[in-house]
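Work through the exercises below with the structure open. Try each task before reading its solution.

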Amino acid sequence: MTLTPSLATSLRTHLAGSLRVADAGSRVTLGGWVHRSRNLGGIVFLDLRDRGGLVQVSFGTDWASAEVIAAAAAVGVESVVLVEGTVVERSAETKNAEMGTGEVELRATSLKVLSPAVTPAIPVARGKGEKLPAEELRLRHRYLDLRRPELQAALVLRHRLLQVTRRYLSERGYLELETPILTKPTPEGARDYLVPSRVHPGEFYALPQSPQIYKQLFMVCGFDRYFQIARCFRDEDLRADRQPEFTQIDIEASFIGQEDILALAEGLIGALWKEGGYDAPEHFERMTYADAMERYGSDRPDLRYGLEIRDHSALFRPLEFGITQSALAAGGRVRGIVVPGAASWSRKQVDELEALAKGAGAGGLLRLKRVDGKLDGPIAKFFTPEAEAALALEEGALALFVAAADHVSNPALDRVRQECAQRLGLVREGDRRFLIVYDFPMFDRDPVTGALGAVHHPFTSPKAEDMAAYPDEPHRWRATAYDVVLNGLELGGGSIRTHDAAVQSRMFELLGIGDVAEQERRFGFLLEGLRAGAPPHGGIAFGFDRITMLLSGATSLRDVIAFPKTTAARALFEGAPTLVPAEDLKELHIRPEAG
């Protein structure tokens, strides 16, 4: 684009990638990086790159001096230069349809090298089919990696999505308010990053895992619609879609119910997807947590394909098969999926599925297939004619079962289901199935200790009807909580909060924080706020990095974050974390461990 008056400077008139045929005959000045250079003897070509894209710059004897041509021939790639000249339309045979500026070139009459560059540690310009350098090398030289057009495009998209978010929420009366970065340590499901206090020896701040308590306090204060593009920090193990510091779209509102928040969420996601060049439905599909777990073994199911899980316990109960009899006697079930056309898969292929099930915690995978009208497989001999008729397995189909408690079979069958869908080509990347999962359990039990833990967080409101129906059975309570899911990925989640101080105190008791003094020590500032008069309120938070990743087509969060960490939580470019001199630690009242 031509720079607007507010962006024009004394050094350049246009962005390189903005020049088109309509600019032919214009005298322009460009500034940027030398992307490539070609010396054809009588003429030198430079591809000049800036944020706007690439343009070809030519230096020929008919319009440039010998000194300018020599300077162009000598300049190294990635050097920063200023060029001035005239935009001309290329001849038909030299036009380049692969470049946005491919119909024109700049015939330069002057060249000024502002900053010569050493030979780049990693290439910025790549030829067709040329692979990227190893990711760790690119992260070490991130200042070069971020010059790649695809990464720049992702960060430009990130900027646009941020502005859409701010505009969408602001137009609906939400106030962008900031919460502290140095906070009090509170349990939210992951380890805190702790910051020592110099002026209060032995005491620590925590970096926020989320603004949860503060945004609830905003509701107590009377700011009835809040949002924040919030930086959050969690000291947990990493993977491709997780970073120790991340950004979330954080939203909270007062005098609302679940449907109010979900309607806002649908609208915001729709606006973001539109900005990314895609459509999203006006209303998302809905499914209870119980239904999602029963049918798909996951609370974030991918609905782009079927392969639903079925309960076959009644079918297996009369069969004289020890594995299933033992599982059923222990209170478990026999559940599985039927994979059409998979009877032809080899023993090795099915063994690989069993390995996935075992990796997810199952003891094994029971197999059965129908070939030439007969049941075949290790468990076929246990099937009676009645059981065979009840199963009604179609010709060429493969049935895969797990006999176990639900907390074992769910993740195992979910993993097997995903792999089968990939093998069968059922996952079409262009499909987008948005889903809202709701009615989550309020608590889950530790399988070893039996202690209750909050499925979401301890500030979620249990459903009033469940508390009334089962006052002494909190494990049966459902939470007023919800997640937004796309194609098996969680985009965000939230809940209606507990706004009554007495109920909140009861939640802490159930979670093992029964001592009043301990509650006050850890959560006194929240309980004090709730006692001051708190309106009904709730909210939702979306993973902004993940949304940007999905809309940019990237496969890793690291491709949409300017300076990300590795999977080992290291910042390779700046070299963090790092050792700190002993005198600095002493000032913070920290004594290093000996050895």
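**Exercise 1.** Which residue lies over the face of W63, and at what distance from the ring centre?

*Solution.* The model is predicted. Start at the ring of W63: R107 lies over its face, 4.6 Å from the ring centre. Then look for another arginine over a ring. R172 lies over the face of Y168, at 3.6 Å from the ring centre.

**Exercise 2.** Classify the ring pair of W273 and F434, and say which parts of the chain the pair ties together.

*Solution.* Begin with the total: there are 15 aromatic pairs in the structure. For W273 and F434, the ring centres are 5.5 Å apart and the planes stand at 80 degrees, so the pair is edge-to-face. The cut-off for that class is over 60 degrees. Next, place the residues. W273 belongs to helix α6 (residues 258–275) and F434 to strand β17 (residues 434–438), so the pair ties together parts 161 residues apart in sequence. Finally, check burial. W273 counts as buried at 2% relative accessibility. F434 is also buried, with a relative accessible area of 2%.

**Exercise 3.** Name the residues that ring pairs link to Y143 in a cluster.

*Solution.* Follow the ring pairs: F563 and F573 join Y143 in the cluster.

**Exercise 4.** Describe how helices α10 and α12 pack.

*Solution.* Take the geometry. Helix α10 (residues 347–359) meets helix α12 (residues 406–423) at an angle of about 145 degrees, with axes 8 Å apart. Their crossing is right-handed. Now list the contacts. From α10 come Q349, E352, L353, L356 and A357; from α12 come A412, R415, V416, E419, C420 and R423. Sort these contact residues by type: six are nonpolar, one is polar and four are charged.

Terms used
Residues are numbered from 1 along each chain as its sequence is written. This is a predicted model: local features need pLDDT of at least 70, side-chain atom pairs count only at pLDDT 80 or more; totals for chains, interfaces and linings use all residues. Side-chain values use heavy atoms; hydrogens and water are left out. Rings of Phe, Tyr and Trp (its six-membered ring) pair if their centres lie within 6.5 Å; planes under 30 degrees apart count as stacked, over 60 as edge-to-face and the rest as tilted. Helices (H or I, at least four residues) and strands (E, at least two) are DSSP runs, numbered from the N terminus. Buried means under 20% relative accessible area, exposed over 50%, partly exposed in between (1.4 Å probe, protein chains only). A charge sits over a ring if NZ of Lys or CZ of Arg is within 6 Å of the ring centre and within 35 degrees of the ring normal. Axes are lines fitted to C-alpha atoms, for helices over the stretch in contact, and angles run from 0 to 180 degrees between N-to-C directions. A crossing is left-handed if the near helix is turned anticlockwise from the far one by less than a right angle, and right-handed if clockwise. Contact means heavy atoms within 4.5 Å. Ala, Val, Leu, Ile, Met, Phe, Trp, Tyr, Cys and Pro count as nonpolar, Asp, Glu, Lys and Arg as charged, and the others, Gly among them, as polar.
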